[in-house]
Amino acid sequence: MPMKHIEHNSAEYQAMVSLRMKILREPLGLSFTPEDLEKEKEDFLLCAYDDDKMVACCVLSKLSDHSCQLRQMAVSPSMQKNGLGRSLLDFAEKVAYDSGFRSMVMHARKTAVGFYQKQGYEIHGEEFEEVTIPHFEMQKQLIKL
Ligand SMILES: CC(C)(COP(=O)(O)OP(=O)(O)OC[C@H]1O[C@@H](n2cnc3c(N)ncnc32)[C@H](O)[C@@H]1OP(=O)(O)O)[C@@H](O)C(=O)NCCC(=O)NCCS
């Protein structure tokens with residue numbers, strides 16, 4: 001399935017925000033502020049397509065010269081549990097490694113911890129609450145794929 005970088009504030013970015021709203025925010029009764037989205041102009045914005053339909057996405061934010069944070073990982077409900085999340089995460093790790101990052105960090109929803117553990121991520125620290133639900137910080141050292 002094709003995966004690519006998209007541009008901030010493009011039509012594709014609007015489609016990405018809609019996908020993230022539907023999967024990650026509306027079920028929690030939450031939204032994005034204009035400030036949340038403005039901050040993403042420095043981020044890596046990654047998407048997967050089925051023909052011309054966007055079906056999965058994630059965001060990479062720089063934390064330091066060596067470390068970046070995976071955020072907003074979402075796969076369309078009808079496409080989940082088919083390997084697409086793993087493929088997009090592999091792509092994100094390659095993008096991160098090729099950009100010089102050697103460590104990936106995330107705030108994983110408790111319900112998704114098992115998915116990230118299968119891709120080699122480990123829990124660091126105690127459970128905490130974010131966007132009203134339980135999360136764990138998870139990390140992985142990146143290698144060249
Ligand atoms: C979590 C999510 C990104 C996973 O993507 P996906 O395409 O469904 O996952 P994959 O099919 O690539 O799964 C890869 C492996 O992880 C497992 N897996 C997937 N989701 C899982 C979960 N929530 N908990 C435990 N294991 C999971 C799969 O069974 C598969 O295992 P296998 O290798 O033994 O077959 C996706 O389900 C999703 O968007 N969920 C809703 C939003 C969300 O929670 N995002 C993460 C925010 S931190």
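1. Of the 145 residues of the protein, 23% count as buried. Here a residue is buried if 20 or more other C-beta atoms lie within 10 Å of its own, exposed if 12 or fewer, and partly exposed in between, with C-beta atoms placed from the backbone. Please keep in mind that this is a predicted model: local features need pLDDT of at least 70, side-chain atom pairs count only at pLDDT 80 or more, and totals for chains, interfaces and linings use all residues. Residues are numbered from 1 along each chain as its sequence is written.

2. On to the overall fold. The protein has four helices and seven strands, and along the sequence they follow the pattern β-α-α-β-β-β-α-β-α-β-β. The radius of gyration is 14 Å, close to the 15 Å that the globule rule gives for 145 residues, so the protein is as compact as a globular protein of that length. That radius is taken over C-alpha atoms, and the globule rule is 2.2 Å times the number of residues to the power 0.38. Helices (H or I, at least four residues) and strands (E, at least two) are DSSP runs, numbered from the N terminus. Along the principal axes, the C-alpha atoms fill a box of roughly 35 × 35 × 30 Å.

3. Contacts come next. Two residues are in contact if their C-beta atoms, placed from the backbone, lie within 7 Å. Among contacts between residues at least 6 apart in sequence, 59% join residues at least 24 apart.

4. The largest nonpolar core has 30 residues, and Leu 46, Ala 56, Cys 57, Cys 58, Leu 70, Leu 88 and Ala 92 touch the most other members. At least two residues of this core come from each of helix 1, strand 2 (44-50), strand 3 (53-62), strand 4, helix 3, strand 5 and strand 7 (133-141). A nonpolar core is a set of buried Ala, Val, Leu, Ile, Met, Phe, Trp, Tyr and Cys residues joined through C-beta atoms within 7 Å. Leaving aside neighbours within four places in sequence, Ala 92 is in contact with Leu 46, Cys 58, Leu 60 and Leu 70.

5. Helix 3 deserves a look of its own. Its 15 residues reach 21 Å from the first C-alpha to the last, close to the 21 Å expected at 1.5 Å a residue; the expected span is 1.5 Å times one less than the number of residues. The buried residues in helix 3 are Gly 85, Leu 88, Leu 89, Phe 91, Ala 92, Glu 93 and Ala 96. They pack against strand 1 (3-5), strand 2, strand 3, strand 4, strand 5 and helix 4.

6. Which residues come nearest to the ligand? Of the 19 residues around the ligand, they are Gln 80, Gly 85, Arg 86, Gly 114 and Phe 115. Two or more residues of the shell come from each of helix 1 (11-25), strand 4 (67-75), helix 3 (84-98), strand 5 (103-109) and helix 4 (113-118). A residue is near a molecule if its C-beta atom, placed from the backbone, lies within 6 Å of it. By class, the shell has nine nonpolar, six polar and four charged residues. In this scheme Ala, Val, Leu, Ile, Met, Phe, Trp, Tyr, Cys and Pro count as nonpolar, Asp, Glu, Lys and Arg as charged, and the others, Gly among them, as polar.

7. Some backbone angles are worth checking on screen. Asn 9, in the loop between strand 1 and helix 1, has a phi near 65°, a positive value in a residue other than glycine. Asn 9 counts as exposed because it has 12 C-beta neighbours inside 10 Å. Lys 81, in the loop between strand 4 and helix 3, also is not a glycine and has a positive phi of about 65°. Lys 81 is exposed, with 9 other C-beta atoms within 10 Å. Just after helix 3, Gly 100 takes a positive phi of about 100°, and Gly 100 is exposed, with 10 other C-beta atoms within 10 Å.

8. Last, a loop residue. Leu 28 sits between helix 1 and helix 2, in the loop. Is Leu 28 buried or exposed? Leu 28 counts as exposed, since it has 10 C-beta neighbours inside 10 Å. Not counting residues up to four places away in sequence, Leu 28 touches Val 131, Thr 132 and Ile 133. Leu 28 and Arg 102 are 74 residues apart in sequence and 32 Å apart in space, C-alpha to C-alpha.
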